[in-house]
Amino acid sequence: MIKFVGFGIKFSILSVLILTTSISGQQKCPDVLPMEDFDIDQFLGTWYVIQKTKTESRCIQHQITPLENEREYRISQVSPHHILDKFPLKHEHTYAGFLVTDATSPARMKVRYALSFGEEAYIVVTTDYETYAGIIECAGAAKTATILSRTQNLSEFQIDEIRAKLEAFGIKINDLSTISHNNCPRDGVRGLNIKIGHDLLSPDRISKAATGMVRDLGQAIEGAFQNGANFLNGLFGGNKKN
């Protein structure tokens, strides 16, 4: 009976993991139309975040660089950490992700950030590659938006145009925070710079790590129930002998 219960719990956990994987495989934000004729090669490089959905961070940069495999890219968000930034300690924080373009619609991408268990949609809705870009990210039913610029400033006219396009896809533009790029650590401010890098595993290694986690979790549950069974058998078995 105890073994059966243990198996049932392991089966339930595996079922949840499988269900979560199947849900994450579905296309997120199908109502958001990606930019047509998108050229990822022109999109690579450094972008400054001008506005972003509800954030306290400042001095945010996005750096997108190609990886060895086709359609795979690294996206790094570089900024002071929003908690450490409250102290008089100059530093720099890098948060990395793994970006994969869609084979038929390259402006619709999938991104998995470090320390994140879920996959998000990363959709370029507008860009001229040299000046501005408008991005919508979807995690489940939640949508967030980012306005990017190749420089630390963008004209109000361009910002308004991008905001209008984002709003058309359901983004609440009043939730967009304006990002300051004044007195940024990488702009030559004196002090101690702490770079906290989060390197993301490749998809193959993520899959192997997840498989190992499920295996180890199953073994741990099985071991716990086996120890409990041995304890009860010893307890009641000992009482029968007496």
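Author: One disulfide turns up when the whole structure is searched, the term standing for a pair of cysteine sulfur atoms within 2.5 Å. The model is predicted, so local features need pLDDT of at least 70 and side-chain atom pairs count only at pLDDT 80 or more, while totals for chains, interfaces and linings use all residues. Residues are numbered from 1 along each chain as its sequence is written, and side-chain values use heavy atoms, with hydrogens and water left out.

Reader: Which cysteines form the disulfide, and how far apart are their sulfur atoms?

Author: The partners are cysteine 29 and cysteine 138, with 1.8 Å between the sulfur atoms. The link is left-handed, at -105° about the S-S bond. Cysteine 29 sits in the loop between α1 (2-24) and α2, and cysteine 138 in strand β7, so the pair ties together parts 109 residues apart in sequence. Both cysteine 29 and cysteine 138 are buried, that is, under 20% relative accessible area, where exposed is over 50% and partly exposed lies in between (1.4 Å probe, protein chains only).

Reader: How many helices and strands are there in the protein chain?

Author: The protein chain has four helices and ten strands, taken as DSSP runs numbered from the N terminus (helices H or I, at least four residues; strands E, at least two). Read from the N terminus, the order is α-α-β-β-β-β-β-β-β-β-α-β-β-α. Of the 242 residues in the protein chain, 36% count as buried. Among contacts (heavy atoms within 4.5 Å) with a separation of 6 or more, 60% join residues 24 or more positions apart.

Reader: How should I read a nonpolar core, and how many residues has the largest one?

Author: In soluble globular proteins, nonpolar side chains tend to be buried together. A nonpolar core is a set of buried Ala, Val, Leu, Ile, Met, Phe, Trp, Tyr and Cys residues joined through side-chain atoms within 4.5 Å. Here the largest has 23 residues, and Phe38, Phe43, Ile64, Leu99, Tyr122, Val124 and Leu148 have the most contacts inside it. Two or more residues of this core come from each of α2 (40-43), β1 (45-53), β3, β5 (108-113), β6 (120-127) and β7 (132-139). β5 supplies the largest share, three residues. Another core, of 19 residues, lies apart from it and includes Val125, Ala145, Ile162 and Phe169.

Reader: What is leucine 148 in contact with, leaving aside its neighbours within four places in sequence?

Author: With those neighbours set aside, the partners of leucine 148 include Phe43, Trp47, Tyr48, Tyr122, Ile135 and Leu154.

Reader: Is tyrosine 73 buried or exposed?

Author: Tyrosine 73 counts as buried because its relative accessibility is 8%. Tyrosine 73 belongs to strand β3 (residues 72-79). Beyond neighbours within four places in sequence, tyrosine 73 has contacts with residues including Ile40, Leu44, Ile64, Pro66, Phe98 and Leu99. Isoleucine 40 is 33 residues from tyrosine 73 in sequence, and the C-alpha to C-alpha distance is 9.8 Å.
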